[in-house]
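My notes follow in the order in which I looked things up.

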Amino acid sequence: MTSAAQHPETGVRAPAEPAVARSPPRRCVVVLNASAGSAGGEDVAERLRAALSAAGAEAQIRASTGDLGAVARAAAEDHAVDVVVAAGGDGTVSAVAGALAGSDTPLGVLPLGTLNHFAKDLGIPADLEGAARVIASGAPRRVDVAEVNGRVFVNNSSIGVYPHAVRERERARRRLGRWLGKGLAMAWAALRVLVRLRPLSVRIRWSGGAGPRRTPFVFVGNNRYDTALVATQRREALDRGILGVYVATAPTRLGLLRLAARALVDKVDPGRDVEALEVASLAIESHHRRLAVSVDGEVIALRPPIRYRIRPGALRVLAP
């Protein structure tokens, strides 16, 4: 018990202040993508541990070049763990979130990637120390995740131009070296893809509607994005329980170039340039045996129909 302090002049003892009960530090397992560019160079694991310790959290660092989702699931099954932290870019966050979705284990985010869209939309600080403080003392909140053919994503997924441009970008970086920045490599890749552009013929079905579309891309967001071409890559909310779906209406190279130019200056007209939908689920049918699909920046091949759905409030995440 804290003893009363005696006043130096009056000699009267002031009432003792009650002891403040402190919560034990949060116990974290940090899943670090050891193959990512952000994990190279200096000892990132030690930096992460030090930042979390300074913020008041205890951390174990588990670096892996393999299945990050499996690492996160194993960590979540440990009853001594309070939070599983994704340390990396949006791809790392997506993999860890997929393992935690539907469980009570909260996700923490240390944004180490280039863009960090999910962290930005949650208001998580971009600096390591600020993000660590959120993990140590932030409150868990429920946010939505989306799925494509059973695979969870936290940002967006698309078919058409973008996944092919991502593949071309990675080829360019392998040929020209990793020194070539993602932005410059993506611009080069987009030009190469546009030269070979063949619009997709698909049929889209959703609750209350269906119809054929001839389009260079279909973009599906976990909640609604600010613009159809996602030039700003921002969302006002992550808990509205809807998919934001954008279908480009420009079936030619010239039309898509005009659309891209308008997106760069934030002049996209949702009525003219894209068809926008807000739905809980949809299916994309195609005569192709497989379609290239981007999922939070990673490209995978899926057999149609490509089925999307929203999972409202499926993920607990620590946020400011």
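I began at the end of helix α3, where Gly-102 follows with a positive phi, near 90°. Helices here are DSSP runs of H or I with at least four residues, strands are runs of E with at least two, and both are numbered from the N terminus. I noted that this is a predicted model, in which local features need pLDDT of at least 70 and side-chain atom pairs count only at pLDDT 80 or more, while totals for chains, interfaces and linings use all residues. Residues are numbered from 1 along each chain as its sequence is written, and side-chain values use heavy atoms, with hydrogens and water left out.

**Helix α3**

I looked up how covered α3 is. Eight of its 11 residues are buried, so the helix is largely enclosed by the rest of the structure. Buried means under 20% relative accessible area, exposed over 50%, and partly exposed in between, with a 1.4 Å probe and protein chains only. The buried residues of α3 are Asp-90, Thr-92, Val-93, Ser-94, Val-96, Ala-97, Ala-99 and Leu-100.

I picked Thr-92, which lies in α3 (residues 90-100). Its relative accessibility is 3%, so Thr-92 counts as buried. Beyond its neighbours within four places in sequence, Thr-92 is in contact (heavy atoms within 4.5 Å) with Val-31, Asn-33, Leu-68, Ala-86 and Ala-87.

**Gly-88**

Next I took Gly-88, which is placed in strand β3. Gly-88 is buried, at a relative accessible area of 1%. Which residues does Gly-88 touch, not counting those up to four places away in sequence? I found Leu-110, Pro-111, Leu-112, Gly-113 and Asn-116. Gly-113 is 25 residues from Gly-88 in sequence, and the two are 5.2 Å apart in space, C-alpha to C-alpha.

**Helix α5**

I then checked α5 (residues 128-137), which is mostly covered, with seven of its 10 residues buried. They are Leu-128, Gly-130, Ala-131, Ala-132, Val-134, Ile-135 and Ala-136. The elements that these residues pack against are β1 (26-33), α1 (44-55), β2 (57-64), β3 (83-88), β4 (107-111) and β16 (306-319).

**Nonpolar cores**

I looked for nonpolar cores, meaning sets of buried Ala, Val, Leu, Ile, Met, Phe, Trp, Tyr and Cys residues joined through side-chain atoms within 4.5 Å. The largest has 51 residues, and Val-30, Leu-48, Leu-107, Leu-110 and Phe-118 have the most contacts inside it.

**Strands**

I turned to strand pairing, which requires that DSSP finds at least two bridges between two strands. Six strands form an open sheet in the order β12-β11-β10-β7-β14-β15, with antiparallel pairing. At the edges stand β12 (274-279) and β15 (298-302); each has a single partner strand, so one side of each is left without a neighbour in the sheet. The twist averages 20° from one strand to the next, taking axes as lines fitted to C-alpha atoms and angles from 0 to 180 degrees between N-to-C directions.

Within this sheet, β7 (residues 156-160) and β14 (residues 291-295) run antiparallel and are joined by three bridges. Ser-157 is opposite Val-295 in β14.

I also checked β16. Strand β5 (residues 139-148) pairs with β16 in the antiparallel sense over nine bridges, and Glu-147 has Arg-309 of β16 as its bridge partner. Strand β13 (residues 281-286) is joined to β16 by four bridges, again antiparallel. There, Ala-283 has Arg-307 as its bridge partner.

**Aromatic rings**

Last, I counted three aromatic pairs. Rings of Phe, Tyr and Trp (its six-membered ring) pair if their centres lie within 6.5 Å; planes under 30 degrees apart count as stacked, over 60 as edge-to-face and the rest as tilted. Phe-219 and Tyr-225 are edge-to-face, 5.4 Å centre to centre with 85° between the planes. Phe-219 and Tyr-246 are tilted, at 6.0 Å and 50°. This second pair links distant parts of the chain, 27 residues apart: Phe-219 is in β10 (residues 217-222) and Tyr-246 in β11 (residues 243-248). Phe-219 and Tyr-225 are buried, and Tyr-246 is buried as well. I recorded Phe-219, Tyr-225 and Tyr-246 as one aromatic cluster.
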